[in-house]
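Me: I have a model open and want to learn how to read it. Can we take it feature by feature?

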Amino acid sequence: MKVGAVIVAAGRGIRAGGDIPKQWRPLKDGTVAQQAIRAFTQHPNIHDVVLVLHPDDIKTDLWPREPGLVIANGGPSRSASVLAGLQMLTGKADAALIHDAARPCVTGRVIDDVIGALETAEAAAPAVAVVDALWTGENGRVSGTADRTGLYRAQTPQGFHLEPILRAHQQFPEGAADDVEVARRAGFDVVIVPGDEDNLKITLPEDFARAEAILRARDGH
């Protein structure tokens, strides 16, 4: 099975602060997106990597000119951007891993587990079980509790056989929370593989320091 990856980097990331989109902000020895990209370009079982960019970013020097990286023009929504990336893999891959550029700390183990699950499953994605108590709230006060049984925090990369997920995105182009929801709308059976607490999605300003610490701890720096 030949596996390609789609790295979605077309968002604007305003909650993270800063003067530029969060995926282009510095992180360790590169940028947030560059750390995510390297996890796939350096993985021995990933053959093609597509980077989906916002049209405003394509002609800038924000994105890394990594060898072999294929560029796709992002659309007006995340779903449209994913579809553009998947189309670039047509004829090159049997399966696709779709990953958020804002998750710079993804590990080879998570990537391996998703690829391994696709040997027998039509779709697979990493997730971490919810272990904290869950409250409902109203007007700044606790209004109740919620059952956490069977609840997971979804992560990426989310993996699929290419042609079915391409058709699913064409059939259900908008409104899904992520690619797993698109797949489930199309009737896919999605296998959960173990996620990683370090595989955070940078969303808020304080997330940069945590991601920096995770990456530096991995190489002893």
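Reply: Start with one residue. Val190 lies in strand S12, which covers residues 190-194. Keep in mind that this model is predicted.

Me: Which residues does Val190 touch, not counting residues up to four places away in sequence?

Reply: Look past the sequence neighbours. Val190 touches Ala123, Ala124, Ala125, Val180, Ala183 and Arg184. A distance is another kind of reading. Val190 and Gln155 are 35 residues apart in sequence, and their C-alpha atoms are 13 Å apart in space.

Me: Which helix holds Asp179?

Reply: Asp179 lies in helix H5, residues 179-185.

Me: What is Asp179 in contact with, leaving aside its neighbours within four places in sequence?

Reply: The list is Arg78, Val82, Ile98, Gln158, Phe160, Ile165 and His169. Now take a pair by distance. Asp179 and Thr203 are 24 residues apart along the chain, and their C-alpha atoms are separated by 19 Å.

Me: Next, salt bridges. How many does the structure hold?

Reply: The structure holds twelve salt bridges. The test is a side-chain nitrogen of Lys or Arg within 4 Å of a carboxyl oxygen of Asp or Glu. Take Lys28. Lys28 pairs with Asp29, with the closest N and O atoms 3.9 Å apart. Lys28 also forms a salt bridge with Asp219, at 2.7 Å from N to O.

Me: What are the relative accessibilities of Lys28, Asp29 and Asp219?

Reply: Lys28 has 23%, Asp29 has 48% and Asp219 has 33%.

Me: Which side chain meets Arg38 in a salt bridge?

Reply: That of Glu66, at 3.9 Å from N to O. Arg38 is in helix H1 (residues 32-41), while Glu66 is in the loop between strand S4 (46-53) and strand S5 (69-73). The two are 28 residues apart, and the pair links distant parts of the chain. Arg38 is buried, with a relative accessible area of 18%. Glu66 is buried as well, at 19%.

Me: Which residues are linked with Arg38 and Glu66 in a network of salt bridges?

Reply: Read pairs together as a network. Lys28, Asp29 and Asp219 are linked with Arg38 and Glu66.

Me: Back to H1. How many of its ten residues are buried?

Reply: First, the general idea. An α-helix has 3.6 residues a turn, so residues three or four places apart point the same way. Now the case here. Nine of the ten residues of H1 are buried, so the helix is largely enclosed by the rest of the structure. Among them are Val32, Ala36, Ile37, Ala39 and Phe40.

Me: Zoom out. What does the radius of gyration say about the chain?

Reply: Compare it with the globule rule. With 221 residues, a compact globule would come near 17 Å; the chain has 17 Å, which agrees. Along its principal axes, the C-alpha trace spans about 50 × 40 × 35 Å. Six helices and twelve strands make up the list of elements.

Me: What share of the residues is buried?

Reply: Buried residues make up 50% of the 221. The accessible surface comes to about 10800 Å², and 50% of that belongs to carbon and sulfur atoms.

Me: Last, contacts and charges. Which numbers should I read?

Reply: Residues 24 or more positions apart account for 67% of them. For charges, compare mean positions. Those of the 23 positive and 29 negative charges are 3 Å apart.

How values were computed
Residues are numbered from 1 along each chain as its sequence is written. This is a predicted model: local features need pLDDT of at least 70, side-chain atom pairs count only at pLDDT 80 or more; totals for chains, interfaces and linings use all residues. Side-chain values use heavy atoms; hydrogens and water are left out. Helices (H or I, at least four residues) and strands (E, at least two) are DSSP runs, numbered from the N terminus. The radius of gyration is taken over C-alpha atoms; the globule rule is 2.2 Å times the number of residues to the power 0.38. Buried means under 20% relative accessible area, exposed over 50%, partly exposed in between (1.4 Å probe, protein chains only). Contact means heavy atoms within 4.5 Å. Accessible areas come from the Shrake-Rupley method with a 1.4 Å probe; for residues, only the protein chains shown count as cover. Lys and Arg count as positive and Asp and Glu as negative; His and the chain ends are not counted. The place of a charge is taken as NZ of Lys, CZ of Arg, CG of Asp or CD of Glu.
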